[in-house]
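Here are my notes on this model, with the salt bridges taken up ahead of the helix. Please read them alongside the structure.

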Amino acid sequence: MELSLPYALNAELTHRCPLRCPYCSNPQELERRDKELSTDVWLRILEEAAGLGVVQLHLTGGEPLLRADAELLIERARSLGLFVNLITSGVGLTEARLRRLAEAGVDSLQLSLQAATPSLSDHIAGFQAFDRKRQAAALIRATGLPLNMNVVLHRHNIGELEAIVELCLSWGASRLELANTQYYGWALVNRETLMPTKEQLKAAEASFDELKKRIGKQMELIWVVPDYYAELPKPCMGGWGRISLTVSPNGKVLPCPAASGIDTLTFDSVTDRSLASIWYESAALNAFRGTSWMTEPCRSCERRFEDFGGCRCQAYLLTGDARQTDPVCRLSPHRSLISDAVTAANEARPAASGSAEAPPSYVYRGSAADRRRLLHADRMDAVIEPMK
């Protein structure tokens, strides 16, 4: 099999984050602050990534703004010719910090949003962040930088789709990604609470099609398909270890952000080996390249070069075996795992729009003790203050 070069690097600078989103794809065991890679190591990674062929850098986390060296990393990445996108909650993004980011050369910022209304947005985030996000959007637009936004859709906000789109448009977003929840990490823990009904999804898809026509070129709209309602799996991340890679806060090199959940694999670290040697030689990255690892029905399926058997992380999380066909596939012997979850979601009817239903109950990302340990602060003000 001829191995292509990666074009994108997801640099997870930290797992620290002021938000507690119940659909967070970060692992349930979050990396401690004292285990994060140093600035010097990240600078080396950027050099090696550029040499490997990477052209896009996505700075993410957690909240990447909690790293004081974000500007230095951006400046180095731009000097290497990389396009730099920073993905942020917006919390802690002051005018002074944004000016430094712009001077360092950041190409775009992607701002997350949880819902169209402050009360629901803050409840989902587990933190009063809505007003900070609105301020962050205004600051980004004032600098002239493109404002990209993303919203994870689920049972409790999918009915607000039109309001979400209109809000992002009013904030000046040039691009909005509407990502139906993918059930990894904390989202899998909260799957029963988060999964929308088929009726909700059908209404949202119709609304999206109408909004896309009405808005036209004012704002680019992206719809990420909810795979639990699909009959064929998606080619997750373009295939395992084919076109992109992720470096976790402690240096593990992964084919995608969720792959750390496959604990039957040992992922190499940039603290031990170069990025190039890991890309080409790592046993974990080579584990599901090509087709020789495939079991039936994937091994003889005509779609095996299109969907690569689907998502390895999802196969492992649901069946315990990462070699199995993604259970989303209608041909998978484990398809009932998906069908049963969908049936359960549709039997638990959502409250009618405008009802006085109590806020949804989530298992939030990390306990209060974990969050204080990760942030090294008891108050958000103490986290934001060093950023000014």
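1. Aspartate 307 is buried because its relative accessible area is 7%, and buried means under 20% (exposed is over 50%, partly exposed in between; 1.4 Å probe, protein chains only). Its side chain meets that of arginine 303 in a salt bridge, 3.2 Å from N to O. Arginine 303 is partly exposed, at 22%. A salt bridge here is a side-chain nitrogen of Lys or Arg within 4 Å of a carboxyl oxygen of Asp or Glu.

2. This is a predicted model: local features need pLDDT of at least 70, side-chain atom pairs count only at pLDDT 80 or more, and totals for chains, interfaces and linings use all residues. Residues are numbered from 1 along each chain as its sequence is written, and side-chain values use heavy atoms, with hydrogens and water left out.

3. The structure holds 22 salt bridges. One of them joins arginine 67 to aspartate 69, at 2.7 Å from N to O. Both of these residues are buried. They also belong to a salt-bridge network with Arg16 and Glu36.

4. Aspartate 131 and arginine 134 form another salt bridge, at 2.4 Å. Both lie in helix H5 (residues 130-143), three residues apart, about one turn of the helix. Helices are DSSP runs (H or I, at least four residues), numbered from the N terminus. Is the pair buried or partly exposed? Aspartate 131 is partly exposed at 41%, and arginine 134 is partly exposed at 40%.

5. In H1, the buried residues include Trp42, Leu46 and Leu52. Glycine 53 follows H1, with a positive phi near 115°.

Key: Helix = DSSP H or I, 4+ residues; strand = E, 2+ residues; numbered from the N terminus.
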